[in-house]
Amino acid sequence: MTKLGAPAVVAAMALLLGLAASPDLPVLGWHPAVGGVLAGLAALFVVSLVDRRTPRRLVALGAATLALALAHDALRGERGSLTLSEGQGTRTFEEDGADGRPLGLHPLGDAVVLEERRPDGTVTLLAEDAARRVEVSPRRAASVAGYRVGDPRRATLGTRLRLRVTGGASGEASMREGDKARIGDLDVTVEQYFPDFAVENNQPFSRSDEPRNPAALLRVQRGASSWRLFVIRAAPGIHRPEGLDRTLALADIVPDEGVTLSVAREPAALLAGLGVLVVAVGVAWSRW
Amino acid sequence: MVSALPLLAVACGLALSASSVVAAVAAAEGNRRRRQLARTIAIVAAVPLLALVTRPSAQPLVALAVVAALGGPQPLALALAGAAAVLAGLVPMAGVSSLALVLTGAAAALGAHALGRSAWSHLAAGRDGTWTSSVAGAGTCGLVLAVSGNDILRWDYVFASTRGRVDAGDAGLVLALALLSALGGALLLGADALAATDATVASPLARRLGRCALLLAAGFALIAAGLVLRVTGGPDGPPLSGARHAAALVAAAGLIACTVPALLAEGACGDALEEEQQATLLSRLVVVVTLLAVLAAGVEGWRRAGTYLTPLTQRLLSAALVGFAASETTRLRTLARALTLGALAVALLA
């Protein structure tokens, strides 16, 4: 106990814990056992601080509170992110572990829908079955579906295709791969998107992921009739299946932009703050 | 008025650096009037910086410069205050106010005072200042390398920004000369310190050459700062990385300038015990202020990002723990205080 409380030992433990706390040295990711070692070191550090002086006890109490709060939030807290495009909803988020590793999908307390995204980065979310509107901005997080949601940042979710129908009931729609929409009097489904379209042995394929020659395979329906056709941005209306009296064209491709939000539930946040405050009071009270 | 502010801040930064040199000379000579002069220059140079508090991104740097100036004529703290003032004037105007970062700036200033006093207590105890100057030279090498990267090997300085890539051979040449001078000075003084056994000075020639090389490096670093500003500055001022490069070079020059006067003096003046006691007191204060910054960062993180465990909170917690180690230990105190200052600088600039 005396040796544990020696200034050099206390300083060495504080230094090691300080290095481990830095996000620039991700020691928790080095080995699964590191977390346990650090927890043990934190416990030893707290024990080493306990002595007969009141300020020192206060520092030990604060450090213990802070360590317990951090450990609780590392083990029982939940944090991660969710990515949504406008109009999209979800009941889950991508959870990350304490070491930053993705843990998979985790359920939210309620469905969340991204209603609106503004140029200044503020987003409006619909929660509690669309009964409550919540604004989340880069400067202000909010409590949604039992979690703190904040830090909205732009995210590219893929590519949107702007399809145009002419030659009769004309119209235009912006669609993702797999989407189905009504354009004019046609029901159009984007079956497959080819960013860099090419054909080899009569088989269409994409030479790369770069949008050098964007094209798409569509399924078009009108009443009982159905057609499959290719639209290529560089050659509008090149493919006109028999019986289809409309011209379909891939007018343009645009990035499908959405928003990624940080999601966190840290039940011991208040306790951690209290711990830091008590340590500060203890250090300030120490012999100067 | 708005466009004059950066210029004013740079001028204040240079004045703070000058006050650091005056403070270092005064401390080496034990001249109270010069110490008072250094203090007056520092406070007069820090006051105009308060005009920058309307810029959120400049607030932590202004806090650092003002607290360092008010804390007394401590050469290291004033040298860093000079660099902070230059950076405060050049950082982009946009940003979000953060009490946590302002407290971090104040803690960094107190940390610089603690480190400076700790180093000075070694000199006042009769130890030679060769090591201190050698470390300052090594620090300058590190800062010059951080600014120039690998391009210095081609005697070039390349600056890449959103406006494009700019090659500046003249800045590269001066940076390389600064690096070579600082390296030469650090090695000569380090070798002299290692060779010294009974006699304080092993080789007066090596000592004189090392000192000259370091002074040359300080001059080159200042010239390089000007050239870097010319290269990186556009109509709206330099981008953040360019501003940081210039401030790092001002810090490098200040670092050397505040350690060399101790080499010129016959023996450092001052009470070693009093300096160390002051340093210990300041170390505790650094921990308290850093813990308050941790608290503020946690609250800000919870309100803004939804989590209290933001990278800033973690960096500050790390700095508080390292600072606690520095206030506890009786061995390697100066090194621990330098680590604390480094951790606070990372939290402030990351």
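Mentor: Start with a definition: the expected span of a helix is 1.5 Å times one less than its number of residues. Helices (H or I, at least four residues) and strands (E, at least two) are DSSP runs, numbered from the N terminus. This is a predicted model, where local features need pLDDT of at least 70, side-chain atom pairs count only at pLDDT 80 or more, and totals for chains, interfaces and linings use all residues. Residues are numbered from 1 along each chain as its sequence is written, while chains are lettered from A and ligands numbered from 1 in the order in which they are written.

The part to look at is helix H6 of chain B, residues 130-148. Its 19 residues should span 27 Å at 1.5 Å a residue, and its end C-alpha atoms are 27 Å apart, which agrees. After H6(B) comes B:Gly149, with a positive phi near 65°.

Now burial. A residue is buried if 20 or more other C-beta atoms lie within 10 Å of its own, exposed if 12 or fewer, and partly exposed in between, with C-beta atoms placed from the backbone. As background, an α-helix has 3.6 residues a turn, so residues three or four places apart point the same way.

What covers them? Contact here puts the C-beta atoms of two residues, placed from the backbone, within 7 Å.

Step back to the chain. Chain B holds 13 helices and two strands. Its radius of gyration (taken over C-alpha atoms; the globule rule is 2.2 Å times the number of residues to the power 0.38) is 20 Å, close to the 20 Å that the rule gives for 350 residues, so chain B is as compact as a globular protein of that length. Its C-alpha trace spans about 60 × 45 × 35 Å along the principal axes. Of the 350 residues in chain B, 62% are buried. For contacts in chain B with a separation of 6 or more, 77% join residues 24 or more positions apart.

Next, the core. A nonpolar core is a set of buried Ala, Val, Leu, Ile, Met, Phe, Trp, Tyr and Cys residues joined through C-beta atoms within 7 Å. The largest one has 173 residues, and those with the most contacts inside it are B:Ala65, B:Ala81, B:Ala88, B:Ala221 and B:Leu249. H5(B) gives this core its largest share, 16 residues. Leaving out residues up to four places away in sequence, B:Ala65 touches B:Leu16, B:Ala46, B:Leu49, B:Ala81, B:Ala84, B:Ala85 and B:Ala88.

Then the partner. In chain B, 32 residues are in contact with 35 residues of chain A. Helices H11 (272-304), H12 (311-328) and H13 (333-349) of chain B each supply at least two residues of that side of chain B. H11(B) gives the most, 12 residues. H11(B) has 33 residues and reaches 46 Å from its first C-alpha to its last, close to the 48 Å expected at 1.5 Å a residue. It is mostly covered, with 24 of its 33 residues buried.

Last, confidence. pLDDT is the predictor's confidence in each residue, from 0 to 100. Chain B averages 87, and 95% of the residues score at least 70. The model scores ipTM 0.83 and pTM 0.84.
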